[in-house]
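Trainee: Before we discuss this model, may I see the sequence and the structure together?

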2 protein chains.
Amino acid sequence: MTDLREHTSWVAVDWGTTNLRVWFMDETNAVLDQVSTEQGMGTLSRDAFEPALIAALAPVLSDTRVLPVVCCGMVGSRQGWVEAPYAAVPVSPLNTQNVVTVPTTDPRICAFILSGIKQVTPPDVMRGEETQIAGVLRAYPDFSGCICLPGTHTKWAMVSDGKLTKFNTFMTGEIYALLSKQSVLRHSVDGAACDEAGFVQGVRTSVAAPEMVAASLFGIRAGDLVLDRMGDVSNGLLSGYLIGAEIAAMRNDLNSSPVVIAGASKLSALYAQALATIDISADIHDGEACTLDGLIAGYELLKDTI
Amino acid sequence: MTDLREHTSWVAVDWGTTNLRVWFMDETNAVLDQVSTEQGMGTLSRDAFEPALIAALAPVLSDTRVLPVVCCGMVGSRQGWVEAPYAAVPVSPLNTQNVVTVPTTDPRICAFILSGIKQVTPPDVMRGEETQIAGVLRAYPDFSGCICLPGTHTKWAMVSDGKLTKFNTFMTGEIYALLSKQSVLRHSVDGAACDEAGFVQGVRTSVAAPEMVAASLFGIRAGDLVLDRMGDVSNGLLSGYLIGAEIAAMRNDLNSSPVVIAGASKLSALYAQALATIDISADIHDGEACTLDGLIAGYELLKDTI
């Protein structure tokens, strides 16, 4: 533990709505250790953020130096620790104008929050995903194309010349959870596996006739009643219809663009499979690794100013 | 009360998932009285249906005759009182082959359940709405066109030569409730009024580019954050995007068809307004009155066989 305290030269923090994730980093940007708690932004009142962070940092805090802490995510929202105003597209996903220094009371840390990004037309916002995009760009500085960040609110971001030019958020993950657990469809899909053929069929249906997505959903329940369809096929169809609707909406932007998917492995694989139905191949990266890479890029940007 | 018991010649029952609605009818098919309870199909075990009905019929039961009871709705589902197998399209919404006689133990009633209707390609089902359609056809026997039945699960049914030829169910009401009360959009729309201009804008957007519906939803939240949009505009947009998606899906079937909307008045008015954006006018009928008219048509069909 003494070694950890001694060798930690800064701390990377992904502070979302439901979780607080902390990496203890050495001077070469290697991870020495990491901790995670459920003290997400959504569970904390404004004055509870600093104590929550200090508690998580206990293994590495020292009275003899000031530890830089670089944070991203919903911690910078209006309901968060300190509001970090959105930067507007087109913009580099990371830059020194878009970092907020948090007025902390504990002298052992200096904390920074990386801003989210907004788009006015059509309106859209991100907080945290810009850091994942910066992580992808740290690995591929010359990347131009589309970065897909699947999750509760999936983002499709167009990147060109190091800048995020536009993006689009889909509530697919949240809608999937509501439909599969709380709607009439729960009788047909809750707890079932995701059948691959059903998934591909759902994607193809949505891509071919996106105006029919709203009409297709109840057919999942009816197919169960009328055709005795299996639960895993129903579940595959539900995922396929919803992710297929994203592909249909993004299709014009995806022509001849390289695509990178950065997310959790199972979900990323589903998105890659959906893209394959329109003959687009995608490179998959681990979403958490991209977040950390983006926080490292943020620290590199900031460290000369600290 | 004696008069009511004496003059009731049959009973009409709309027994759905959440409510039991009973009309006491005289021999001219006029309503003498009505009662409603929350003992819907979803709250009852199989052996609780008859006692619930008997309790509701207490004011009119008599030991000296057998009272006909004509029921429609989810009471005939697999989880209901007695399963009434679906009739398959194309089919008359009411016919003697599609009525189930319930084996009751109380000698004072004879009870019938009107069957629901299924469609195999694409899979779809209805229970209760077929009776509303029969009600519309009782008033307009020669109607050919589209009957829209807005609600939790909105149905659009094509009718021709007295038969239901095909139909399409949209989970719009249920999805609206989930999104407005439980998703991230609740922060922007919960409890707000429905702004008319926002609604029309939402409908037009979905009709013009149905592939963008999934992309538009998160924009409701983002528009609140980025543009300080009012809650009632956000709520109008949400309703508009969802109902507009129905119009987009149904559009090809609606060309030059007359349209009847049968539902609750506020919701019916929204659907009429949505149809007006593509220059289709619709006649609005009260949905509950259509249910009762359909039950009357069912009784007229059955009474010679009782």
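Mentor: Domain bounds come from an automatic or database domain assignment. Please also bear in mind that this is a predicted model.

Trainee: What distance separates the centres of domain 1 and domain 2 of chain A?

Mentor: Chain A is divided into domain 1, residues 2-127, and domain 2, residues 169-286. Taken over C-alpha atoms, the separation between the centres of these two domains of chain A is 33 Å.

Trainee: Is α4(A) oblique or perpendicular to α4(B)?

Mentor: Helix α4 (residues 172-182) of chain A packs against helix α4 (residues 172-182) of chain B at an angle of about 120 degrees, and their axes are 11 Å apart. Angles of 65 to 115 degrees count as roughly perpendicular. The arrangement of α4(A) relative to α4(B) is therefore oblique.

Trainee: How many nonpolar, polar and charged residues does the contact of α4(A) with α4(B) have?

Mentor: In α4(A), the residues A:E174, A:I175, A:L178, A:L179 and A:Q182 meet B:E174, B:I175, B:L178, B:L179 and B:Q182 in α4(B). By class, this contact has 6 nonpolar, 2 polar and 2 charged residues.

Trainee: How is α3(B) oriented to α10(B), roughly parallel or roughly perpendicular?

Mentor: The axes of helix α3 (residues 129-139) and helix α10 (residues 287-302), both of chain B, come within 6 Å and cross at roughly 80 degrees. This makes α3(B), relative to α10(B), roughly perpendicular. Residues that meet there include B:T131 and B:R138 in α3(B), and B:D293 and B:E300 in α10(B). By class, the contact has 6 nonpolar, 6 polar and 3 charged residues. The orientation asked for is thus roughly perpendicular.

Trainee: Which peptide bond involving A:P90 is cis, and what is its omega?

Mentor: A:P90 is placed in the loop between β5 (87-88) and β6 (99-102) of chain A. Most peptide bonds are trans. The cis bond joins A:V89 and A:P90, with an omega of about -5 degrees.

Note on methods
Residues are numbered from 1 along each chain as its sequence is written. Chains are lettered from A and ligands numbered from 1 in the order in which they are written. This is a predicted model: local features need pLDDT of at least 70, side-chain atom pairs count only at pLDDT 80 or more; totals for chains, interfaces and linings use all residues. Side-chain values use heavy atoms; hydrogens and water are left out. Axes are lines fitted to C-alpha atoms, for helices over the stretch in contact, and angles run from 0 to 180 degrees between N-to-C directions. Helices (H or I, at least four residues) and strands (E, at least two) are DSSP runs, numbered from the N terminus. Angles under 35 degrees count as roughly parallel, over 145 as roughly antiparallel, 65 to 115 as roughly perpendicular and the rest as oblique. Contact means heavy atoms within 4.5 Å. Ala, Val, Leu, Ile, Met, Phe, Trp, Tyr, Cys and Pro count as nonpolar, Asp, Glu, Lys and Arg as charged, and the others, Gly among them, as polar.
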